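Student: I have a model open and want to talk it through. Can you take my questions as they come?

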Number of protein chains: 4
Amino acid sequence: MRILVFNENHHELTRPGIAARFPLGIHGTLAAALRERFGADAEITTATQDQPGYGLGPEELDRTDVLVWWSHLLHAEMDDGTVARLRSRVLAGMGLVVLHSGAGSKLFTALMGTSCDRRWRHGEDRQLVWTVKPGHPIAAGVPNPLVIPHDEMYGEPFDLPDPDELVFISWFSGGEVLRSGACYHRGAGKIFYFSPGDQECPVYHQPEVQHVIANAVRWAAPSAPVASPYVDAQSPEGWWAR
Amino acid sequence: MRILVFNENHHELTRPGIAARFPLGIHGTLAAALRERFGADAEITTATQDQPGYGLGPEELDRTDVLVWWSHLLHAEMDDGTVARLRSRVLAGMGLVVLHSGAGSKLFTALMGTSCDRRWRHGEDRQLVWTVKPGHPIAAGVPNPLVIPHDEMYGEPFDLPDPDELVFISWFSGGEVLRSGACYHRGAGKIFYFSPGDQECPVYHQPEVQHVIANAVRWAAPSAPVASPYVDAQSPEGWWAR
Amino acid sequence: MRILVFNENHHELTRPGIAARFPLGIHGTLAAALRERFGADAEITTATQDQPGYGLGPEELDRTDVLVWWSHLLHAEMDDGTVARLRSRVLAGMGLVVLHSGAGSKLFTALMGTSCDRRWRHGEDRQLVWTVKPGHPIAAGVPNPLVIPHDEMYGEPFDLPDPDELVFISWFSGGEVLRSGACYHRGAGKIFYFSPGDQECPVYHQPEVQHVIANAVRWAAPSAPVASPYVDAQSPEGWWAR
Amino acid sequence: MRILVFNENHHELTRPGIAARFPLGIHGTLAAALRERFGADAEITTATQDQPGYGLGPEELDRTDVLVWWSHLLHAEMDDGTVARLRSRVLAGMGLVVLHSGAGSKLFTALMGTSCDRRWRHGEDRQLVWTVKPGHPIAAGVPNPLVIPHDEMYGEPFDLPDPDELVFISWFSGGEVLRSGACYHRGAGKIFYFSPGDQECPVYHQPEVQHVIANAVRWAAPSAPVASPYVDAQSPEGWWAR
């Protein structure tokens, strides 16, 4: 399996406190966590928005099975052509794991069809991530609840389409709830959105959170070579009907 | 519209504190609340498990469009024939609104297929009912969040099938969450489960809660005469295919 | 209710045979059918792609409750700003009924997130539209099956997200099937896709087809004023949790 | 993996023509097909309704990961206690693959909550099984369409709950369609219903049909030991919220 971890990498380059929290960047932190869990079973690389072509050129994409995505402030700056290429690759079967503020990215909103708007609050709410579908592979081995001592609050109403499968719901100490782990199928691709994690909190250093992301990568991985099984094609009179 | 409110009516007859909290019984409290909201648009009657045939005889059922259901301790005592008749009526199009501990009734579990087990805690948690589908008719006019000052806690994991539409998620001060307002279609019938409300708390006296139940009754009402559109029938070679 | 019927109107202006089949245009045909069914209950207007701003300017949109959509060859020519405005209006609650080849429009694919690609075949298949959800309001009064003597074939696999509710499945004499009537919720808006109908066949003159479209308009109509109930907003520490 | 194939085995014992078509019984035919495909990866046994305890005693169940089910005429004769035990095992995570007329079994209807009634026609319709979700593991390697030269017709409306995932839709030469491959989650268990196959037709000898059933068994297999992750239990005030 080939996993590509994308990160906007803007906070890390511009704010020393965040660079100190994530010396490898959020991308490097997640890549290391996945390497630890997948070992030789996966080839794991990273891409950042400050690279040429965001590190998301056709070559990189063509060899990616699952794309892990973190972005926040630079959504509008990503060019539409790249987004269209990424979206096509997902529809053709590439898995996609979108984290936290990546909900507002062009890529995720283009795949969802909705605004993905939600309430939010800086600060350090306690977040409890409850598994509501305990048989789901993304919940395997996850404590119930998963306790995140400090995190940004994201709250309902969250403008998502009804999930195809809802795995997690989060509780926040400030009084809010969120559908925080949601599965979607788009074309032949599987998409998982997972809300925990902020640049201001060390959430991605937490082993249980890393474990969920690794589960999600496994779940989202394509079971067949990435190539759209859909066609917009004229069909002959069917021999099969005779 | 003809609405029948069913209540087990066991607590009211056996525990003075609960009888004092609900002098009309939970059934009478809910019936009065619905009468206030529906006025001349609905005929509202009640039935209790202590009545002959539980007040749910064929005659009563045949003239019911929406059944509102509260039960708790006497689930096992209801005879299977009555449950089968109720279930058939729902599949034929009668609306069903199941409240709180009614989740464990034979009728609801027979329609869901699952155990409907969940965590719970006596005591007086604060419950915040968040609307996650703000365009849904059952959420119309409901404050977001709806605050219930004291209620029993019901918590995830809740063994329900994935809802056809999820309208509410509840937050509890003790740290739990619950899918607390969920829509299902079974046969031609519409079913809404709403978790707030306990015999120990005055939740059914709260106007916002009554408002949700009235919305749910309107949503669940059949749009056509109650008669199953499904058949188990031999079909002739289709004229329509020629 | 204010209904706006949009039509690309390209075939009618460029091909005499199609103009003869639809002397009022597809838009005029549908508008007349809806007027007959809604009478004084709705104000029905039309818009065509050849008009300035496609007839879909902010003023027109602001007073539209349900948009009925037909398009085919000029998808790529519609400017992205208009599409973004239309999409926002749907997410805010405007109903949308998309017909036939409109599946490939920028608006519909932007709301679905998928390519909406499918198989197709010119010619004149017999199409039988089967109701699979007989209690659904869009199926009310629709014969089962609804027989369309001649229509273009659209066949699976159809690259749609899993429908929130699947109402119709079509059978084609050439051997194909299609999920031909599918409901979606996006933001506060309700969307219905209905596949029958082609410029080459008189499908939109058929009363049962017009009846389905009228049912769909009624179903998709917003129950509250069109205004998004979602926000991307900072939330104060919740008073409700205390 | 331990797979148990259950068959009513009534036709085989009472009608020579059917015994000649399935010399091993439908159970033996399916078991042989699965053995060929799973090899040493699975232990495959069979059970029939004429055996003591139907061959479905607690011991047999306790070591079953996936149950494959065929039944037809003797649904009413199975005792409710056995059905309750089977249902509990599914809710605890045992996979279930229900074939054809098994839709009407007590077990399947108890898990679905609906009547599972449908149209049907003896005779020998041509059936084309179309994959509508090409990325789904149950569709892997399945021709699209899968052509079944002769089969009994099962047609819509089919009184099923909305599937959690719809994989196949069938076309019949007589003009009907059917949601013929549908996935459900109930508790921790995964359930697949697959409609092709009748005692009167050699459908279960067809390699493509056997391939689908093997795919379904793999999909339905539990990913964790079979033990319900749900509880009906009093919960302490949560340490996690502090």
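Student: How many bridges join β7(A) to β8(A), and do they run parallel or antiparallel?
Tutor: 6 bridges join β7(A) to β8(A), and the two strands run antiparallel. Strands pair here if DSSP finds at least two bridges between them. Helices (H or I, at least four residues) and strands (E, at least two) are DSSP runs, numbered from the N terminus. Before we go on, this is a predicted model: local features need pLDDT of at least 70, side-chain atom pairs count only at pLDDT 80 or more, and totals for chains, interfaces and linings use all residues. Residues are numbered from 1 along each chain as its sequence is written, while chains are lettered from A and ligands numbered from 1 in the order in which they are written.

Student: Which residue is the bridge partner of A:Leu166 in β8(A)?
Tutor: A:Ala182 is the partner of A:Leu166.

Student: What do β7(A) and β8(A) form, and with how many residues between them?
Tutor: A hairpin, with 4 residues between the strands. In the turn, A:Gly175 has a positive phi of about 115°.

Student: Is β7(A) mostly covered or exposed?
Tutor: Mostly covered: 8 of its 8 residues are buried. Buried means that 20 or more other C-beta atoms lie within 10 Å of the residue's own; exposed means 12 or fewer, partly exposed is in between, and the C-beta atoms are placed from the backbone.

Student: Which strand does β5(A) join through 5 bridges?
Tutor: Strand β7 (residues 165–172) of chain A, in the antiparallel sense. A:Leu128 stands opposite A:Trp171 there, and A:Trp130 has A:Ile169 as its bridge partner.

Student: And how many bridges join β5(A) to β6(A)?
Tutor: 7 bridges, again with an antiparallel run. A:Leu128 turns up here too, with A:Val147 in β6(A) as its bridge partner.

Student: Which strand of chain C pairs with β5(A)?
Tutor: Strand β10 (residues 233–234) of chain C, in the parallel sense over 2 bridges. A:Arg119 has C:Ala233 as its bridge partner. There is also a pairing of β10(A) with strand β5 (residues 119–131) of chain C, parallel over 2 bridges. In that one, A:Ala233 stands opposite C:Arg119.

Student: How many residues does the contact take from chain A and from chain C?
Tutor: 36 from chain A and 36 from chain C. Two residues are in contact if their C-beta atoms, placed from the backbone, lie within 7 Å. On the chain A side, the elements giving two or more residues are α6 (106–112), β5 (119–131), β6 (146–155), β8 (177–186) and β10 (233–234). By class, that side has 14 nonpolar, 11 polar and 11 charged residues. Ala, Val, Leu, Ile, Met, Phe, Trp, Tyr, Cys and Pro count as nonpolar, Asp, Glu, Lys and Arg as charged, and the others, Gly among them, as polar.

Student: What rotation superposes chain A on chain C?
Tutor: 180°, with 0.0 Å of shift along the axis and an RMSD of 0.0 Å. The two copies are thus related as by a two-fold rotation axis. In chain A, the C-alpha nearest that axis belongs to A:Gly113, 2.6 Å from it.

Student: Why do the copies meet through the same surface?
Tutor: Because 100% of the interface residues of chain A are also interface residues in chain C.

Student: Does D:Arg35 count as buried or partly exposed?
Tutor: Partly exposed, because D:Arg35 has 14 C-beta neighbours inside 10 Å. D:Arg35 lies in helix α3 (residues 25–38) of chain D.

Student: Back to chain A as a whole. How many helices and strands?
Tutor: 7 helices and 10 strands. Of the 242 residues of chain A, 56% count as buried. The C-alpha atoms fill a box of roughly 65 × 40 × 35 Å, taken along the principal axes.

Conventions:
Copies are superposed by least squares on the C-alpha atoms of residues with pLDDT of at least 70 in both.
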